[in-house]
Every structure is written in C-alpha cells, then in structure tokens.
Amino acid sequence: MLFRSPDDWNKRLGTYAASLSLGQLIGPSLAAQIQQLPIVGDAGEQWAFVVAASLSFAAALFTLVMPPAPRPQAGGGPESQPGFFAAIARVLRRPGMASAMYVSIAVASTIDVLVAYLPVYGEDRGLPVTLVGLLLSLRAGATMASRLMMDHTLRTLGWQRAMIICLAISAVMLGLIPATAFPPFLVVIMVVLGLSIGIVQPMTVSWIASRAAKGERGTALAVRLTGNRGSLLVVPAVMGAVAGSAGVAAVFWILAAVIGEAFAIGLVASVIGIVAGRLKEKFGRPAIVIALRSEEHTSELQSHHDLVCRLLLEKK
C-alpha cells in the first residue's frame, strides 16, 4: 500500500482489515451449513474443505488479472542498499519498533488461536456445531464493524487511548470464555471481543508503519508478517500441549495473559509517547531531533530515559 499520511494509513488499513473480517464472517457459517446439508451425508467435513479449496483457487486466479501496484522510485544505487539481514536489524532498532512488533504479533496470533480452539472448546462443552459457527461469525462481524469505524474511533478517542482500552477489554473477554458455556453469555463475549481485538490488529500495523522510515515500511511489515507466521509454527504445538495437560480452558487463560502483557507494553509505550510529546512542545523540535539520533544503539526504555535527561540538561 502507498500511504500518504497517518490518517490515510488508518483508513486504508481499516478497509483492508474489514474485507478480511468479511471472509471470516461468511466462512464459519458457510462451513457449518455445508456440513448440515443432507446431500453430503457423513462427508460434510470433507466437502467443507473442498469448497474452501475451490474458493482459494478462484482467488489465486483473480490475482493474475490484478493490475500491479505502482512502486516508488528507490533512492540511491545498489551499493547504497543494505543487505537483507542488515535491513531487518536496522528496522528493529528503530525506537518503539520492538514494542510495536510484539503487540502486533501477539494480537494476530491470539486471533488465529481463538479461531482454531473455539471449536475445540465447543466440542469439550457439548456445544452444537452451528452455535460455534455462529459465535465465530459474530466475532468476525463485530470485527468488521469495528474496522469500518476505525477512523472515526481514532478521531474520537485518540490512537493511544483506543489501543489501550481495546487491549484491556480483549484480555478480560478472553479470560471470561472458559467461565461459561451459556450461549447468550458467549454471544455477548464474542461480540465484545470482536469489537475490541478487531480494531487493535490494523492499529498495530499502522503503528509499525509509522515507526519505520519511508523506505523501510515494506521491510517492517514483512518482518511483522514473518514473526506472525513463525509464531504459527510454535504456538499450536505449545497450545496443544497445554490443552492436553491442563484442559482447553487453559488455552484461553494463556491468550488472556498474552494480551494482558501486550496491554502493559502498549501502556508503557503510550506513556513514553505522551512524555516525549510534551517535552517536544516544551523544549522544541531541534532538541528532540538531536536526542533521538543517538537512540539506535541503546535499548528503547534506556534511550527514552536518556532523552529526558539530555533535554533537561539542555534546558538548564
């Protein structure tokens, strides 16, 4: 995507993420209906995968006729371009990038595990397949609605406040899932969870893009995607071991703890951002630019501590 401003990032990412939620809204209900068709008999699950594979193949064919996106001209010759691993290291050294990466990967992994383990939880509690499909569809529908309203929400609450509130609500809702098998309560939980965690995911992508330099946004988003896919190699095995030893409920408690940790990291990052913004208003842009240039070789928290100290000394 070509972003022109932070507001443009939020609008485009919100629309893109809402389209993903639309697929997640239709998919579970469609799979449940296919399994219940009399014509498929006992092969309902197999036919659900056949339909999913057919839709994926049709999407792959559609990409062949899509026009290529315009690419901005890269400055400098090949000698000035850093190597692959050097570019990744430089992106991760950006102030605030490590926190943004962790929160983004944690949220994306949590959504994937939730979609995978909610049917397991439903089977463990004796919930019908149609109800589990409805719960997943409600979560996806609420997510789509929150993403369509993302730009309005950020204008009303502010980016930092919205992310902190949504992460806190998501952690609480995930922890409440194992506490009940009463369908109306599960419906409320999944709707609230979809509204809260759904808007956080595109916000973290915007967070990463805003932390990266203009020519490094593609690399930053690629690192985020790689981290998410890497977590999918490890997290299912870990969650499977947890579910086998401590029960399915423990999976949702772990997810709640992960989002709770993301909430703490986001809260710290927000406080640092507020302090840095007030220092910028008080001491002026030149002082903050000079201080920020030396942050690349220190840890994030230490760098912000040094930033405050240097600005106070300059003021004196």
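Is the crossing of α4 and α8 left-handed or right-handed?

A: The crossing of α4 and α8 is left-handed; that word applies if the near helix is turned anticlockwise from the far one by less than a right angle, and right-handed if clockwise. Before we go on, this is a predicted model, where local features need pLDDT of at least 70, side-chain atom pairs count only at pLDDT 80 or more, and totals for chains, interfaces and linings use all residues. Residues are numbered from 1 along each chain as its sequence is written, and side-chain values use heavy atoms, with hydrogens and water left out.

Now to the packing. Helix α8 covers residues 183-211, and α4 packs against α8 at an angle of about 150°, with the axes 9 Å apart. α4 and α8 are therefore roughly antiparallel (an angle over 145 degrees). Their contact has 17 nonpolar, 5 polar and 1 charged residues.

Tyr 121 lies in α4 (residues 97-125) and Phe 252 in helix α10 (residues 248-283), so the pair ties together parts 131 residues apart in sequence. Tyr 121 counts as buried (under 20% relative accessible area) at 1%, and Phe 252 is buried too, at 0%.

Notes. Helices (H or I, at least four residues) and strands (E, at least two) are DSSP runs, numbered from the N terminus. Buried means under 20% relative accessible area, exposed over 50%, partly exposed in between (1.4 Å probe, protein chains only). Axes are lines fitted to C-alpha atoms, for helices over the stretch in contact, and angles run from 0 to 180 degrees between N-to-C directions. Angles under 35 degrees count as roughly parallel, over 145 as roughly antiparallel, 65 to 115 as roughly perpendicular and the rest as oblique. Ala, Val, Leu, Ile, Met, Phe, Trp, Tyr, Cys and Pro count as nonpolar, Asp, Glu, Lys and Arg as charged, and the others, Gly among them, as polar.
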